Number of protein chains: 2
Amino acid sequence: MKVKIVRDLQDVSIKRSVDQGTEEQRKAVQSIIRSVRDEGDRALVAYTEKFDRVHLNHLKVTEAEIIEAFESVEPEVITIIEEAAENIRLFHEKQKQSSWFTTHENGTMLGQKLTPLDSVGVYVPGGTAAYPSSVLMNVLPAKVAGVERIAMVSPPNKEGKLPAGVLVAAKIAGVKEIYKVGGAQAIAALAYGTEMISPVDKITGPGNIFVALAKREVFGDVAIDMIAGPSEIVVLADENGEAKEIAADLLSQAEHDRQASAVLVTTSLALAERISQEVESQLATLPREEIARESIASYGAIYVAETLEQGIDVVNELAPEHLEIVTEKPLEVMAKIRHAGAIFLGRYSSEPVGDYFAGPNHVLPTNGTARFSSPLNVDDFMKKSSVISYSETALKDNYKKIAALARLEGLEAHARAVETRFHKK
Amino acid sequence: MKVKIVRDLQDVSIKRSVDQGTEEQRKAVQSIIRSVRDEGDRALVAYTEKFDRVHLNHLKVTEAEIIEAFESVEPEVITIIEEAAENIRLFHEKQKQSSWFTTHENGTMLGQKLTPLDSVGVYVPGGTAAYPSSVLMNVLPAKVAGVERIAMVSPPNKEGKLPAGVLVAAKIAGVKEIYKVGGAQAIAALAYGTEMISPVDKITGPGNIFVALAKREVFGDVAIDMIAGPSEIVVLADENGEAKEIAADLLSQAEHDRQASAVLVTTSLALAERISQEVESQLATLPREEIARESIASYGAIYVAETLEQGIDVVNELAPEHLEIVTEKPLEVMAKIRHAGAIFLGRYSSEPVGDYFAGPNHVLPTNGTARFSSPLNVDDFMKKSSVISYSETALKDNYKKIAALARLEGLEAHARAVETRFHKK
């Protein structure tokens, strides 16, 4: 199967409908949340038995389980995870904002105080989607922000265990609290607390439809991260692109998910045809061929642009999660990109470099939301407080103006509050 | 009516139930949004006639209307609005983050690119809640961020006009596109566009329940700001507090809204009693007495703390929108505050100073959400893109590690994508 080559932007869209869940699923999630709020740990144990088919009285992962996990992963892989964690930590440290203040000669001090969140819950999906890299990407920005307490939750397998890779990554990232519980029940426990699990201020991490619906339900009582859609890549290439490499990069997105989207935007029809051919031949040898094939058939496309400028416009229109720029002068093109989650420059910046290793976060805005959203970052785990300190002189100089504005808005008590400092009665 | 004095934290809560709307209201909002999407301007004109009782064929505010507004506001008030706008602009300019990058000797470049949103819609409520200060506080952070297009919407009165103060503030803030349309229909127009109004990327600003429900409906297709709850203040005072001043500050919150909350936390029972008395006597002379009285009765409280430390714990528990610290050493207390939207230090930092004039934003997290949310700020109008540039050397040094991590997660196409750069076949 080749990738379809199109010339009309109408035929390229990375927007896919997001699963909103059925009424039945929503009701089920609401009922689970209610039970966990009412019955605490007893409900967690019961739902784990029901959904994960394992009876666990103790949900907290023990030190012995961590040691066992380290023994079952190859030492060289552990070293690579440590190196990746270090890269991620270093990148995110650059994001950290500081508190600041300004002063004025009249004695005014204004400022912005940054404080990490007290506690964060990280959801890690179970089964085949259990990704050690996802543990690092969700936990490390919170750690760098200075969050004191990080509670991780993940559904156990039928033996009552979590994947060794996930436990190793959690330990390396510095997580000290891990619970073997998943689904809506885990989200409810993080939001409202049980005897065993204290509540958190914010919940991050991907999950299935029940997890997504539960996050929506608890939103407001706690903060949540974005609800991520399927993954997507856009490669922008001129005639210098290597067909084999670009095809491989497109397929690395396509293998994620039947709903994943891989799009090439190119100024070269010859390259378009070579890549289409390459995708076809590489597809046949992939272990996840069936998934990748369906993704390419449904959401894959090659758009042939008249000019590079027009190609850039198309990219900005699509606002992709991942963008590879494989052109002669990628930096110059990058300057014109307004909307993209992560931008990969040049031939050697293959997208998986960012998924695992380089340092920037792989939790990125999908489905066109890069128009207004950012990668998961340290700011997501801190909050700001404004600070206002007026001296007597400063207020004396300005209180009449403040009172005038208050009265313009019909708020007399506001006016009197500042006046009462100076009007002696 | 005195403020109730309590010693049990159970009796103090600033958490109030947020109006989620009725099923009927939700249905009405969905139907309005559908009509605007289907019929565009025709629906806007019809809903304006129905809800605002005025027939307007042209919704865009004209230059003549702006001139008329400036003529009807006193010149000295215009000057004060300009000064407030300048203070707000200066404070928010300090918030603006820059793009940055790091390099490594192996040729790696990693970075974070900041880009303003392309377009923002600002909702300004009508009627008595039409606040010029709210225009400045919503528009100026977007302006400072560099947002090119700001579209303001606000419901017209029966004469088809917007309040002069709002138009003056909008002009001073640099808004060039103002539409006389409100309610869910205005939100729908901003989210999806009509012939007259182009769609925006993010919608901010407060509104009634229909506006709030409409924002929830369009959320995801566009970004929205937080859905604000009623306003609240906590004053933390030791025996040095001036009863008259603190009572006036409590009442300045209480006059906002029947659901507003004003709480005093103090180490001094004597002060508690004086302030309770003062609130009673000041209440009687307020134009908005009835509203303030109901707020104080339902959501007002004075908590007497054993020690200042315990008082600080109570404040962190409440996580108030506004916090005044009126103690001997307010800076030292501030260092221990973990959760508050805006912090006012000392006797001369009366809360209305922040509402109108000082510079920090008055759009603040309410209802305890200061645990995890921030004041409206410049970051809300920008987004980040990660940038990854690996040299041939950098990828050569690392591609085997990246492939190992990909295979640990069962993602073979990811591994091959990096390998294909070096494995010649």
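**Exercise 1. Find where Asn367(A) sits in chain A, and decide whether it is buried or exposed.**

Solution. Keep in mind that this is a predicted model.
Step 1: Look along chain A for the loop that joins α14 (351–356) to β14 (382–389); Asn367(A) is found there.
Step 2: Check the backbone. Asn367(A) is not a glycine, yet its phi is positive, at about 60 degrees. Most residues other than glycine have a negative phi.
Step 3: Residues under 20% relative accessible area are called buried. Asn367(A) has 13%, so it is buried.

**Exercise 2. Which residues does UniProt list under "binding site", and how far apart are they in space?**

Solution. 
Step 1: The unreviewed UniProt entry lists Ser231(A), Gln253(A), His256(A), His322(A), Asp355(A), Glu409(A) and His414(A).
Step 2: These residues spread over 184 residues of sequence, and in space their C-alpha atoms are up to 56.5 Å apart. Of these residues, Glu409(A) is included in the lining of the second largest cavity.
Step 3: Take Gln253(A), in helix α9 (residues 243–254) of chain A. Its relative accessible area is 0%, so Gln253(A) is buried. The residues that Gln253(A) touches include Ser231(A), His322(A) and Asp355(A).
Step 4: Now take Glu409(A), in the loop between α15 (392–408) and α16 (412–419) of chain A. With a relative accessible area of 9%, Glu409(A) is buried too. Glu409(A) touches Tyr131(B), Pro132(B), Ser133(B) and Tyr356(B).

**Exercise 3. Which residues does Ser374(A) touch, and which backbone nitrogen lies 2.9 Å from a polar atom of its side chain?**

Solution. 
Step 1: Return to the loop between α14 and β14 of chain A, the place of Ser374(A).
Step 2: Ser374(A) is buried, with a relative accessible area of 17%.
Step 3: Ser374(A) touches Met226(A) and Pro365(A), together with Met382(B), Lys383(B) and Lys384(B).
Step 4: The backbone nitrogen you want belongs to Lys384(B).

Definitions and conventions: Residues are numbered from 1 along each chain as its sequence is written. Chains are lettered from A and ligands numbered from 1 in the order in which they are written. This is a predicted model: local features need pLDDT of at least 70, side-chain atom pairs count only at pLDDT 80 or more; totals for chains, interfaces and linings use all residues. Side-chain values use heavy atoms; hydrogens and water are left out. Helices (H or I, at least four residues) and strands (E, at least two) are DSSP runs, numbered from the N terminus. Buried means under 20% relative accessible area, exposed over 50%, partly exposed in between (1.4 Å probe, protein chains only). UniProt positions are given in the numbering used here, feature names are shortened, and annotations may be inferred rather than shown by experiment. On a 1 Å grid over the protein atoms alone, a cavity is a set of points where a 1.4 Å probe fits but cannot get out, and a pocket is an open set with protein on both sides within 12 Å along at least five of seven lines; lining residues have an atom within 4 Å of a point. Contact means heavy atoms within 4.5 Å. A polar contact is a pair of N or O atoms within 3.5 Å; within protein, one must be able to donate a hydrogen and the other to accept it, and residues adjacent in sequence count only if both atoms are side-chain atoms. Lists of a residue's contacts leave out its neighbours within four places in sequence.
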